[in-house]
Amino acid sequence: MNVIRLFLVALLFIVQPALAQSIERALMPGEVIEGHKKYEQECTKCHQRFDKAAQAKLCLDCHKDIAGDISAKQGLHGHLDDKACRNCHTDHKGRTAKIAPLDKKLFDHDKTGFNLRGAHKEAAAKCESCHPPQKKFRQAPVRCNECHRKDDQEKGHKGKLGTKCESCHTDTKWKDVKFDHEKTKFSLVGGKHAEVKCKECHADNTFQKTPTTCVGCHKKDDQEKGHKGNYGTKCELCHNDKDWKKSSFDHDVDTHYSLRGKHRQAKCNTCHLPEKGPIYQVKLSIKCVACHKKDDQEKGHRGGLGEKCETCHNERGWKQSSFDHDDTKFPLRHKHKDAKCESCHKGGVSGPGAKLKLETKCIACHKKDDQEKGHRGSLGEKCETCHNDRDWKQTKFDHDDTKFPLRYKHKEAKCDACHKGGVSGPDATKLKLEMKCIACHKKDDQEKEKGHRGRYGDKCETCHADKDWKTSIFNHDKGTKYLLKGKHREVRCDDCHLPAKGLLYETKLDATCIACHKKDDKHLGQLGAKCETCHTEDKWTGSPYDHNKSRFPLTGSHAKIECKK
């Protein structure tokens with residue numbers, strides 16, 4: 001028989017195609033199933049000559065739904081390791097043969113992609129519960145709602161929660177809910193909401209359209225126990241789900257206006273009046289006067305000091321002033337610090353007659369003092385030149401800060417010794433005096449016993465100092481080219497510097513001996529004008545001249561002869 005088959009197969013290569021197909025039909029092992037009957041005469045629909053592996057592709061060309069499962073790796077066929085159709089499905093066994101046998105006991109449902117867990121596993125013996133007889137197994141629904149829609153309508157949510165049953169329920173037990181509210185946009189953790197039963201918020205089993213705003217659930221509470229709608233609908237700005245009565249609003253952090261002192265004790269509606277609108281919509285003015293204008297009119301300054309209350313007051317206590325005068329351009333020191341405000345601010349610091357911006361010059365406040373007890377305007381308006389705010393009677397004036405520092409005798413002199421008429425009063429002379437010595441000491445110079453009577457000019461400082469008037473500071477050896485030696489050192493200035501010759505410091509005297517001693521010359525000019533040849537300043541009589549050192553030494557009788565002979 002096998003020999004005959006081989007013969008027939010070989011014959012297929014040499015006979016006509018039509019004849020070959022007839023031979024194939026002759027070799028067909030049996031009838032195909034009812035569903036394949038129309039292809040029974042077309043072997044090439046399911047078979048490819050000499051290529052068994054190609055058979056699976058031919059099957060999938062017809063069974064496109066199965067091909068789709070395999071391609072998408074879904075369903076039973078999509079999860080099989082062996083994709084050869086003929087390993088599970090055989091044909092040619094008659095019209096009524098079942099080529100897709102199913103052993104329920106050995107069938108692994110997990111390979112379908114729909115694992116049987118919980119209650120589903122218990123129903124595994126009754127396949128028809130999910131697989132109706134009129135439908136293919138692969139057409140069984142995989143979504144909860146596709147099987148349990150009737151249950152939802154009769155015993156559940158009546159379609160109000162949508163079709164994603166697995167969001168809340170499990171296949172272990174339908175009544176056990178695994179829903180995690182934290183995965184929604186409305187967390188229940190940490191607050192009173194976690195203690196509330198579902199039906200209290202989800203009335204009539206309505207979940208999707210449940211309001212998430214506070215006022216959506218608590219509007220009645222607000223009307224009966226709360227703000228009666230006066231503060232709008234954004235309850236979460238002040239309240240939280242941990243404790244409704246305690247406000248979570250932090251005015252210091254959540255606004256640009258920190259609450260300090262008495263403001264922290266004030267109730268919200270003290271400033272946020274209901275008639276002004278919702279608390280979160282109306283931006284109040286942060287100026288003090290916006291809330292305290294009435295207080296200012298009744299108990300304060302009646303608008304006389306303007307609207308900048310914070311300049312003097314703070315939130316700790318309205319009556320206590322926080323104003324620091326040292327922060328102005330006129331800091332208060334010593335006696336000024338002890339003075340009352342109205343001493344300078346005539347009319348007080350409040351009220352319509354108050355004047356806060358005062359002139360900061362001393363004379364602006366002390367003009368009357370100057371007229372009655374002071375200089376009567378004679379020294380001008382710069383009181384601060386000599387006086388300070390520590391003690392009016394004690395002067396802080398330091399003459400050393402002027403161009404004429406006081407030294408020695410000048411330091412001991414009283415002010416009016418130079419400033420004739422004193423430094424105050426109508427008879428006071430000008431304060432800017434001439435700094436030349438002669439300006440003050442001209443009278444001293446004119447007196448016969450004390451001065452030079454103007455003969456030596458007015459540059460007194462050339463010879464005199466303010467340490468001691470009688471002692472001359474002039475050093476002839478350093479100040480001139482003519483050193484004073486011997487008897488010259490004992491001579492008075494005017495013995496050489498005769499007033500008739502001109503001012504002492506302007507006239508240059510002849511430095512030759514004969515210029516001063518011509519009258520004293522006993523040689524009557526017979527020996528010439530170079531007195532220093534024979535004489536010195538130490539002693540006029542007795543010549544130190546040594547004739548023996550000349551070209552004509554004196555010897556014998558010559559030594560006894562007088563010079564003039």
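**Surface patch, helix packing and a salt bridge**

In this predicted model, Phe 137 is located in the loop that runs between α6 (119-122) and α7 (144-155). Together with Leu 102 and Phe 107, Phe 137 forms a nonpolar patch on the surface, and the accessible area of these three residues together is about 270 Å².

Helix α3, comprising residues 55-62, packs against helix α4, comprising residues 64-72, at an angle of about 115 degrees, and the axes of the two helices are 5 Å apart. Because angles of 65 to 115 degrees count as roughly perpendicular, α3 is described as roughly perpendicular to α4. On the side of α3 the contact is made by Leu 60, Asp 61 and Cys 62, while α4 contributes Lys 64, Ile 66, Ala 67 and Ile 70. Classified by residue type, this contact of α3 with α4 has five nonpolar and two charged residues, with no polar residues.

Across the whole structure, a search finds 12 salt bridges. A salt bridge joins the side chains of Glu 40 and Arg 95, with an N to O distance of 3.0 Å. This pair links distant parts of the chain, 55 residues apart, since Glu 40 lies in the loop between α2 (17-27) and α3, whereas Arg 95 lies in the loop between α5 (75-79) and α6.

Methods. Residues numbered from 1 in each chain as written. Predicted model: local features only at pLDDT ≥ 70, side-chain atom pairs only at ≥ 80, totals over all residues. Heavy atoms only, no water. Patch = residues over 30% accessible without salt bridge, like charges linked within 9 Å, V, L, I, M, F, W, Y side chains within 5 Å. Areas by Shrake-Rupley, 256 points an atom, 1.4 Å probe, with all protein chains shown as cover. Salt bridge = Lys/Arg side-chain N within 4 Å of Asp/Glu carboxyl O. Helix = DSSP H or I, 4+ residues; strand = E, 2+ residues; numbered from the N terminus. Axes fitted to C-alpha atoms, helices over the stretch in contact; angles between N-to-C directions. Parallel < 35°, antiparallel > 145°, perpendicular 65-115°, else oblique. Contact = heavy atoms within 4.5 Å. Nonpolar A, V, L, I, M, F, W, Y, C, P; charged D, E, K, R; others polar.
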